[in-house]
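Trainee: I've got a model open and I'd like to learn how to read its features. Can you walk me through a few?

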Amino acid sequence: MEILHISAECYPIAKAGGLGDVVGALPKYQNSMGHNASVVMPMYHTKFLFNNDWDVVFKGNSRLGPRAFDYTIIKERHNKLGYNLYLVDIYGLLDREKIYGYGDDVERFVAFQIAVCHWLANSPDKPEIVHCHDHQAGLVPFMMKHCYDFNWSLSTLKTVITIHNAQYQGWIGWDRSYFIPLWDSWKFGLLDWKNNINSLASGIKCADRVTTVSASYLDELRQSANGLESLFEYERGKSVGILNGIDTEVWNPDTDTYITGQFSVENVQEGKAANKQVLCEQFNLDPAKPLIVFIGRLVGEKAAEMLPDSIISAIYGFQKGVCFLILGSGEPDIEHRLNNLTAQFPGNYNAVIGYNEKLSHQMYAGADFLLMPSRVEPCGLNQMYAMRYGTVPMVRLTGGLKDTVIDMGDQGGYGITFVHPSIGDIVHSVSRAVEVYEDQETMNAMRNRMMQIDNSWDNSARRYIEVYQSL
Ligand code: ADP
C-alpha cells in the first residue's frame with residue numbers, strides 16, 4: 001500500500017516527545033512489510049536539514065486567508081531513514097529552530113496543512129492512505145473532503161488520524177476561519193467544537209478511522225478528553241487503540257553508542273553497573289544506593305509538580321538511602337523547584353533541566369528504576385525503553401502504562417505500579433523500590449524478564465496495516 005504520514009515531528013529530524021519517536025519508526029517497519037510509507041513534515045531549521053542532501057520535488061503556491069505564500073517540497077535524496085522523507089518549506093513560517101512555542105503557531109500549522117493538501121491535489125502520484133498525526137495534521141481530512149481547492153482531487157483518498165495526545169487540540173477562533181481555503185459552508189459542524197474551530201475534533205469527525213496509541217487510553221478518553229469525551233463516545237465505532245512499539249534499532253543496549261558500555265540480557269548486571277558508575281560520577285550520586293530517574297516533560301500531565309515534595313519525603317524518609325536524577329523541561333516553576341533541590345541533597349539528587357537525547361539513553365542504561373507518576377499517559381514510551389535497558393518501571397496505572405507494566409507482586413511481574421498520582425503513592429512506590437533493590441536475585445530476575453519482552457513495532461505496524469486494509 002502507498003501510505004503518507006503527515007506530522008509535525010519525526011525523529012531524528014525534530015522531536016519533542018513520543019509523537020516524533022512514533023512517526024520516525026512506524027513507516028520504516030511498514031516498509032519492511034512490503035508497503036511504501038513516506039513522511040511529510042515541516043522544514044524546520046534543524047541539524048538534519050543541513051547535514052543531508054535534498055532534491056526539490058514540487059513548488060507551489062497557495063493562500064492563508066489574505067496572505068499568499070509559496071512553498072517548496074524537498075525530499076531526502078538517499079532514503080537514509082528507510083522511508084521517503086518530504087519536508088515542506090514555507091519561507092518565514094516553518095523555517096524556525098523550534099517546533100512549537102511561537103505566537104503564530106496556528107498560522108504555521110494551518111499553512112503546513114494547506115501546502116500538503118495543495119501538493120497532493122496537484123501531484124500525479126497519490127497515496128492510498130493519508131495518515132494524519134495529532135492536531136497539527138487534524139484539519140487535513142476536512143480539507144481533502146470539503147475545500148474546493150482540493151476535494152476535486154483528494155476526496156476519495158482514505159484518511160486515518162492517530163491521537164498521540166488529546167490534551168492539545170489546535171483551537172482556532174472562528175474569527176480566523178478565513179485561514180482555511182474556501183470550503184462548503186454547510187459543513188460548518190465538521191470544524192466546530194464548542195464555538196471554536198477544533199483541529200483535533202475535526203480530524204476525529206472527518207477521518208475514516210481514528211486510532212489512539214493504546215487501548216486503555218481510548219477507554220479513558222470517553223471519560224476524560226479535555227472536552228471531547230462525548231465525541232470519542234460518539235465515534236467509538238470507527239476508533240481503535242493500537243499500542244505504540246519502540247524502534248529496537250535505535251533503542252538497543254547492545255549497540256547503543258550513546259551509552260558507556262553496551263550490554264545485553266546475558267551481561268545485564270555488569271553492563272548496568274558500569275553505566276551507573278559513570279552516571280553517578282557525572283552527577284555526584286552514590287552508586288551504592290538505588291538510583292531512580294525521571295525523564296520527560298515537566299508538566300501536570302506527567303504529575304511533575306509532585307516530584308519535588310515526593311523526592312524530599314523519600315530522601316528524608318529513607319535516611320538518604322536512595323538517589324534521584326531528573327531530566328526534563330517544562331513549566332518554569334517546576335523546573336525552578338527541581339533545580340533548587342540539588343543544593344539541598346548533594347550526593348542524593350541532581351537534575352538537568354533541558355532536552356538531551358544522549359543523556360536520556362545514558363539514564364535508561366544506568367538507572368535502577370524509572371519513575372512515571374503520570375496523570376495522563378496515552379501510551380508512554382519511556383517505560384518500554386527502560387524495560388529494554390533493564391530498568392524497573394515505577395508507574396501509575398493509566399493509559400499505556402496500564403497496558404505495558406505488570407506489578408512485581410503479580411504473576412510474571414517486573415514493575416512497580418500504583419493507583420493514584422499522589423505524593424503518598426509515589427513515596428510508597430519508592431519504599432518498594434528501596435526494598436527490592438536489596439534483593440539482587442529478584443532484581444536480576446525482573447531485569448531478565450523485562451528485557452526479553454517484545455515491544456517492537458512488528459505487531460503494531462501490522463495492526464495499522466489491518467486498519468488501512470479495512471478501508
Ligand atoms: P510524551 O510524548 O507525552 O512526552 P512519551 O513517553 O510518549 O511522552 O515520549 C517521550 C519521549 O521523549 C521519550 O523518547 C523520552 O525519552 C523523550 N524525552 C522527554 N523529555 C526528554 C528530555 N528532557 N530529554 C531527552 N529526551 C526526552
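Predicted model: local features only at pLDDT ≥ 70, side-chain atom pairs only at ≥ 80, totals over all residues.

Trainee: How do the rings of Y364 and Y389 sit relative to each other?

Mentor: For a ring pair, look at the centres and then at the planes. Here the centres are 6.5 Å apart and the planes make an angle of 45 degrees, so the pair counts as tilted. Y364 belongs to helix α12 (residues 357–366), while Y389 is in the loop between α13 and β17, so the pair ties together parts that are 25 residues apart in sequence.

Trainee: How many aromatic pairs are there in the whole structure?

Mentor: A search turns up 16 aromatic pairs. Among them is F263 with Y389, which is edge-to-face, at 6.5 Å centre to centre and with 80 degrees between the planes. F263 sits in the loop between β12 (239–241) and α9, and Y389 in the loop between α13 (382–388) and β17 (392–396), so this pair ties together parts 126 residues apart in sequence. Both F263 and Y389 are buried.

Trainee: Which residues form one aromatic cluster?

Mentor: W251, F263, Y364, Y385 and Y389 make up that cluster.

Trainee: On to helices. At what angle do the axes of α9 and α16 cross?

Mentor: With two helices, check how close the axes come and then the crossing angle. For α9 (residues 268–282) and α16 (residues 440–451), the axes come within 11 Å and cross at roughly 100 degrees. That makes α9 roughly perpendicular to α16.

Trainee: Which residues in α9 and α16 meet?

Mentor: From α9, V268, Q269 and K272 meet Q440, N444, R447, N448 and M451 of α16. The residues of this contact divide into 2 nonpolar, 4 polar and 2 charged.

Trainee: Now cysteines. How many disulfides does the count come to?

Mentor: The count comes to 0 disulfides. The test is distance: the two sulfur atoms have to be within 2.5 Å.

Notes
Residues numbered from 1 in each chain as written. Heavy atoms only, no water. Axes fitted to C-alpha atoms, helices over the stretch in contact; angles between N-to-C directions. Helix = DSSP H or I, 4+ residues; strand = E, 2+ residues; numbered from the N terminus. Parallel < 35°, antiparallel > 145°, perpendicular 65-115°, else oblique. Contact = heavy atoms within 4.5 Å. Nonpolar A, V, L, I, M, F, W, Y, C, P; charged D, E, K, R; others polar. Phe/Tyr/Trp six-rings, centres within 6.5 Å; stacked < 30°, edge-to-face > 60°. Buried < 20%, exposed > 50% of the residue type's maximum accessible area, 1.4 Å probe, protein only.
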